[in-house]
Amino acid sequence: LIPQKKMITKRYCKLAYFCRRFLIILAFFRNCTRSKMTLLTSQLMKLRQDASSNMEIDVRKRVSVLYTPEEAAKLSLSVILELGQSGLAFLSEIDDKIVGYADDLFTPGAVVLERSMLKPDDHKILTDKIRIFLIHLSPHYLIRAGQKCLEWLLARYNVAEVQYADLLFSMMPYHSTNLWTKVSCQIKFQGSWRWLKNYKHEAVHRDVIVKELSINIQLLSEFLNIFELAAVNEANPIVLFGISISNLLATKPKENILAVLVQSIMKGFQSDKVALRAHAITSIASLTIQTTSSALLDESLAKKLLKIALKEECPLNLQAFNAVSLVAHCSETERLPSKFFTRAMQLIATGSMLPKITKNSAKVFLHLLNQATPLALEGDESALATVEYILYQQSALVDISTALEIVVASSSETKGDILALFRRSCNADLLPRIMEVLKIEDTSKLPAEVLIQHPEKKVREKALAK
């Protein structure tokens with residue numbers, strides 16, 4: 001029995017040994033796991049702090065439109081969510097574009113969402129959603145319901161810190177209101193928005209915005225991108241504000257600003273959205289009248305613009321005529337499409353909206369006069385009306401000598417009538433040339449108002465008698 005007891009004791013000792021080793025190993029792995037979890041937790045906390053510091057969020061204050069920053073910081077997100085949901089419900093009844101966001105940006109699950117911890121792709125998706133919602137919310141900023149929705153975006157998604165450019169662009173039509181002042185004074189401006197630091201506690205005049213857009217390419221490009229997104233709704237205040245701003249930007253633009261505007265104009269002409277086309281034609285019409293840039297457009301760009309402006313499905317109205325005039329003035333192109341001259345003569349013949357001869361449109365009118373004169377001699381009524389209109393302007397910007405030589409070299413029966421039109425232009429420099437023609441021309445074919453200038457006294461007296 002004694003050897004058997006010794007064997008059992010030996011086995012128990014081995015078993016106890018292995019149990020102790022197992023417990024030691026288990027404790028080791030448990031400590032490792034705890035240390036790893038502690039390390040991971042500390043890293044996540046550090047990332048969160050870094051993200052918060054990058055957004056410059058002060059936990060003691062919060063950007064707000066309904067409360068003071070200190071009061072807003074004391075409110076729980078659940079309370080603000082209820083405010084936002086009530087405002088969204090009201091807006092959904094009057095605006096179909098707001099419907100659907102109740103299940104997206106305004107869900108209860110958003111209360112625990114940490115925007116700073118999202119993956120880059122998820123963060124971009126959220127940013128795009130908020131940008132579109134801010135555009136849809138823009139028409140309602142001045143009513144309580146719209147401000148409730150904005151309060152939720154400011155509190156939960158840190159829009160004033162992360163997307164203050166989109167926020168300010170959507171609020172730009174209200175630049176002279178207290179709402180703009182209240183929001184802008186709480187934002188820490190950076191980059192292309194530093195200029196607003198001088199207007200933190202006052203409304204910004206429209207001229208200030210125009211001046212900054214006219215020198216800040218990045219700001220202008222971002223604004224035009226927001227404008228294109230808002231163009232889905234022609235009545236959106238951003239659209240109306242953008243069209244008026246584009247007209248003012250056309251006042252003596254610099255070459256780099258002109259390049260950005262022309263790019264936007266091309267997109268507008270190609271778009272099927274009414275707002276973008278309106279923006280394009282009004283912008284280019286304003287540029288035609290006011291631009292004094294001596295820079296020449298690239299020839300290929302000029303051809304593209306001409307092709308877009310003269311689309312068959314787009315009627316040639318006054319704005320489109322001015323668009324072609326600007327392209328011709330700002331480029332080296334000497335040949336304009338023949339279909340332009342035909343449609344331009346029809347536009348002038350109808351007399352509904354007549355373009356004026358300016359420094360920028362003189363080149364087009366010169367080509368138009370030279371093209372219309374031979375057709376007028378053949379009896380084309382639209383061409384005759386065009387020649388008469390151009391000569392009636394009595395503009396020194398258009399050299400009519402080439403057209404006069406076309407008339408002189410003609411043997412048409414209407415030659416005398418056309419000469420009478422040139423006589424009415426009262427161009428003193430061309431009177432000697434007209435006198436030379438009268439000496440060799442058959443007086444029976446000339447009207448009395450032309451014969452009044454005849455060098456022979458008898459012919460002048462007969463003309464006066466008529």
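Partly exposed means a relative accessible area between the 20% under which a residue is buried and the 50% over which it is exposed. Keep that scale in hand for the tour. The model on screen is predicted.

**Stop 1: the whole chain**

Start with a cartoon view. The protein has 23 helices and zero strands. Of its 466 residues, 43% count as buried. Switch to a surface. Now consider the contacts with a separation of 6 or more: residues 24 or more positions apart account for 69% of them.

**Stop 2: Asp 104 and Lys 129**

Next, the charged pairs. How many salt bridges does the structure hold? There are four. Select Asp 104 and Lys 129 to see one of them, with the closest N and O atoms 3.3 Å apart. Asp 104 sits in the loop between H3 and helix H4 (120-137), while Lys 129 belongs to helix H4, so the bridge ties together parts that are 25 residues apart in sequence.

**Stop 3**

Select Lys 124 and Asp 128. They form a salt bridge, and their closest N and O atoms are 3.1 Å apart. Both residues lie in helix H4, four residues apart, about one turn of the helix. An α-helix has 3.6 residues a turn, so residues three or four places apart point the same way. Color the two by accessibility. Lys 124 is exposed, with a relative accessible area of 54%. Asp 128 is partly exposed at 28%.

Arg 131 has a relative accessible area of 21%, which makes it partly exposed. Asp 166 is at 11%, and counts as buried because the cut-off for buried is under 20%. Salt bridges that share partners join Lys 124, Asp 128, Arg 131 and Asp 166 into one network.

**Stop 4: Phe 90**

Move to helix H3 (residues 77-94) and pick Phe 90. What does Phe 90 touch, leaving aside its neighbours within four places in sequence? It is in contact with Ile 143 and Ala 145. Draw a distance from Phe 90 to Gly 146. The two are 56 residues apart in sequence, yet 8.9 Å apart in space, C-alpha to C-alpha. Phe 90 is partly exposed, with a relative accessible area of 44%.

**Stop 5**

Go to helix H1 (residues 2-54) and select Phe 22. The three form a nonpolar patch on the surface, with about 310 Å² of accessible area together. Phe 22 on its own has a relative accessible area of 54%, so it counts as exposed.

**Stop 6: one face of H9**

Select helix H9, residues 206-213. Which of its residues are buried? They are Ile 209, Val 210, Glu 212 and Leu 213. Turn the view to look down the axis of H9. The buried residues fall within an arc of 165°, so they line one face of the helix.

**Stop 7: Asn 158**

Select the loop between helix H5 (144-156) and helix H6 (159-162); Asn 158 lies there. Look at its backbone. Phi of Asn 158 is near 50°, a positive value in a residue other than glycine. Asn 158 is buried, at 14% relative accessibility.

**Stop 8: cysteines**

Cys 149 is buried at 0% relative accessibility. Cys 185 is partly exposed at 29%. How many disulfides does the structure hold? It holds zero.

Terms used. Residues are numbered from 1 along each chain as its sequence is written. This is a predicted model: local features need pLDDT of at least 70, side-chain atom pairs count only at pLDDT 80 or more; totals for chains, interfaces and linings use all residues. Side-chain values use heavy atoms; hydrogens and water are left out. Helices (H or I, at least four residues) and strands (E, at least two) are DSSP runs, numbered from the N terminus. Buried means under 20% relative accessible area, exposed over 50%, partly exposed in between (1.4 Å probe, protein chains only). Patches are made of residues with over 30% relative accessible area and no salt bridge: like charges are joined within 9 Å, nonpolar side chains (Val, Leu, Ile, Met, Phe, Trp, Tyr) within 5 Å. Accessible areas come from the Shrake-Rupley method with a 1.4 Å probe; for residues, only the protein chains shown count as cover. A salt bridge is a side-chain nitrogen of Lys or Arg within 4 Å of a carboxyl oxygen of Asp or Glu. The arc is that of the directions from the helix axis to the C-beta atoms. Contact means heavy atoms within 4.5 Å. A disulfide is a pair of cysteine sulfur atoms within 2.5 Å.
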